[in-house]
Amino acid sequence: MVLSLRGPRSLAAWFIVAMFVSPKMSLAQNSEIESIRAVVKNLEQQLQKALQRIDQLEKEKATSSTKIDQVEKSIRASQSAPSALNPAIGLVIDATAEHRDKAGGDFNFRAAELGISASIDPYARAYAFFTGSRDEFEVEEAAMVTTSLPWNLQLRGGRFFADFGRLAKFHPHEYAFVNTPLSLERIVGGESKADGVELSYLFPTPFFLRATAGGYNKLGAENERLDDTKSRAWSRFTYLGRLHTYFDLADNHSIELGTSLAYTPSIRIPEEPHGGSRTLTGLDVTYRYQPLGSTLYQGFTLGGELFGNSERVERESGLRRMFAPGGYVYGEAKINREWAAGFLYDNAPSLASPGKKTIGYSPFITWYLSEFNRLRFQYSYLDDKVREERSERGHQFFLQWTTVLGSHTHGFRTR
Amino acid sequence: MNRIRRNVILLAAVSAAVLGFALPVSAQRIRVITTTPELADMTKQIGKEWVEVESLTKGVEFMHAVPVRPSFVPKLNRADILVENGLDLEVSWLPALLEVANNSKILPGQPGQIDCSVGISVLDTARIVDRSEGDVHPKGNPHYGLDPLNGKTMARNIAAGLSRNYPQHRAVFEKNLNAYLAELDKAINRWQTMAAPLKDVKIVTYHQDWSYFANRFGLHQIGTIELKPGIEPTPNHLVSLVQKMQQEKAGVIIYGPQSDRYPRQLASQTGASVVRLQSTAGALSETDTYIKFIDYNLRSLLAAVKKS
């Protein structure tokens, strides 16, 4: 508008308008027009200056905001760098209120299990589980696992649950029921905790088939036959072999089979000079009904394991090789999204006198408040002929509360 | 005579064995494993004769609770490419399988793993990443495939991923991608017109998985049956949901692979209509491709809206 008043065309327009509107324009009016022109020119110059100033300010603003962005980015980077590569961390808290006929009541703080895991580099990952209970704080597992070995091989080293059977690789809070089956506890020694090295091979078959070979100081968290803390002859290590397969019987039905053998050539330790070789065998079978369209609400698992322990035992008549068989079987059905119930049968021999057994019957029911918060009630009746421990007899009641904080996966083994 | 016959049998056996190794064209094809059937469909459309594709899930599963089946392990072991939805949709089952699959090519971050969520405008990013908010996805809502416009990004990601790994076939993948995108665009135009009656319809969903779909077609989600993601409703929550549905005149309840118990209960109390939609493709013959799957959901929802 300002510019349009200045061009020759505009002047002509002014002139014409002036002629019509005021045919008798005086000299004074002419000078007024001149002064208006001067004002307009002045305004135009000021506008030009203002526009230049705006341009300049915008440029300054752009450079300064880039600078601020850069500073903010570097602050963010330096703030996040120390923690960005932290491993995934999770904590499981597992506690029970118990009543045992022969032992009385107890609030049992079973475990606070701290788990961490992360990749190490492009070649390996690692994980660890530190467990504190009311008796001890221990490194349950701390293992390195390769991720990119050729020929379908995978190497694991450190302390871990050796690939023996199925339930021996579970942390107790992951069972479908409250307690470790006595058969597993007595024959294997609870979890198959071992310090050593293990090599697995995935067969290039169309179905899942995996073999594992391992060597360990000893196998079994509660296994007192061998000392885990001393150097010894290679004959006093435990060597393991396992074959594990799985078949989808139909879309919703599957079966998983595994067979394991752990061999210790000599279990002689100073306190037991007459020991010989020990062979531990296992056969595990798991049937699952998992209706794919409703796994949230339905499902059934029937799992069992047979164990056999063969070792030399000292008798009055001399050293004798004893074979102690045992095992457990359990079934668990999902009732709906929040409830599951099942039954555990347990048959646990005494390793020293395999004829004597403890038979356990345990119905249990679980309420999943969420995926990470679970309450379980279990009743157990133990028919104990072994009489090793007073508490392992008669009626027992458990109310278990288990929760998970943060990241929590034990991965493939505890599916 | 017997000897000749034996030789013939032997020759036949040897030839069969040799042919057995030589015959499968699949040996030269790129072996692709996808986590969902719609990703398998898209990969087939883009890779055509160069790919051999299999989806691990069948489309009937609840994607947050897919059983970790060891039978998936050999498939992942032999895969050249793994195509995944990403945004942690598969977090509860895929990492456990990759742990034992011994295939470093398809591990996260490797070129062989194609994450289809790259470039998606993510919805429902958690304000508070804390389990008091239920089974939250820290990276945001992973069900973006329900918006067909995101389908285009997914297809582009697959084509880019295939080309990254097999640059010699880039031209073919690009040509196939463009043909597929044209087909998808045509469908999207059709759906936009079809979906007109859905505008401003108020819905309640079982799980928070319909945000992208609602966003695209102008639906308003006023609540979920689940108290929080992954947490079943409490009686109080259901009561307040019924009140909200009545106040806001919510017409439709959408559920997926969950039980229909709560949807029916709410419907009987509010008069809203109930519709079961598909969260992923593949469960039905009418949903065996991505386009048919979106089409099916849209048609089913339109029918439910009409009924309400």
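Colleague: How much area do chain B and chain A bury between them?

Modeller: About 2,900 Å², with 54% of it on carbon and sulfur atoms. Buried area here is the accessible area (1.4 Å probe) that two parts lose on being put together, summed over both. Keep in mind that this is a predicted model, where local features need pLDDT of at least 70, side-chain atom pairs count only at pLDDT 80 or more, and totals for chains, interfaces and linings use all residues. Residues are numbered from 1 along each chain as its sequence is written, chains are lettered from A and ligands numbered from 1 in the order in which they are written, and side-chain values use heavy atoms, with hydrogens and water left out.

Colleague: How many residues does the contact take from each chain?

Modeller: Chain B gives 32 residues and chain A gives 36, with contact meaning heavy atoms within 4.5 Å.

Colleague: And how many salt bridges between chain B and chain A?

Modeller: The count is 5, where a salt bridge is a side-chain nitrogen of Lys or Arg within 4 Å of a carboxyl oxygen of Asp or Glu. Arg125(A) and Glu99(B) form a salt bridge through their side chains, at 3.9 Å from N to O. On the chain B side that touches chain A, α3 (72–78) and α4 each supply at least two residues. Helices (H or I, at least four residues) and strands (E, at least two) are DSSP runs, numbered from the N terminus.

Colleague: Switching to helix α2 of chain B: why call it largely enclosed?

Modeller: Because 9 of its 11 residues (the helix is 37–47) are buried, α2 of chain B is largely enclosed by the rest of the structure. Buried means under 20% relative accessible area, exposed over 50%, partly exposed in between (1.4 Å probe, protein chains only).

Colleague: Which elements do the buried residues of α2(B) pack against?

Modeller: In chain B, they pack against β1 (30–34), β2 (51–55), β3, α5 (148–165), α6 (170–194) and α10 (290–307). The buried set includes Glu38(B) and Asp41(B). Just after α2(B), Lys48(B) has a positive phi of about 45°.

Colleague: What does Asn150(B) touch?

Modeller: Apart from neighbours within four places in sequence, Asn150(B) is in contact with Ile120(B), Tyr144(B) and Tyr212(B). Asn150(B) lies in helix α5 of chain B and is buried, at 10% relative accessibility.

Colleague: Last one: what is the secondary structure of chain A?

Modeller: Chain A has 3 helices and 16 strands, and 42% of its 415 residues count as buried.
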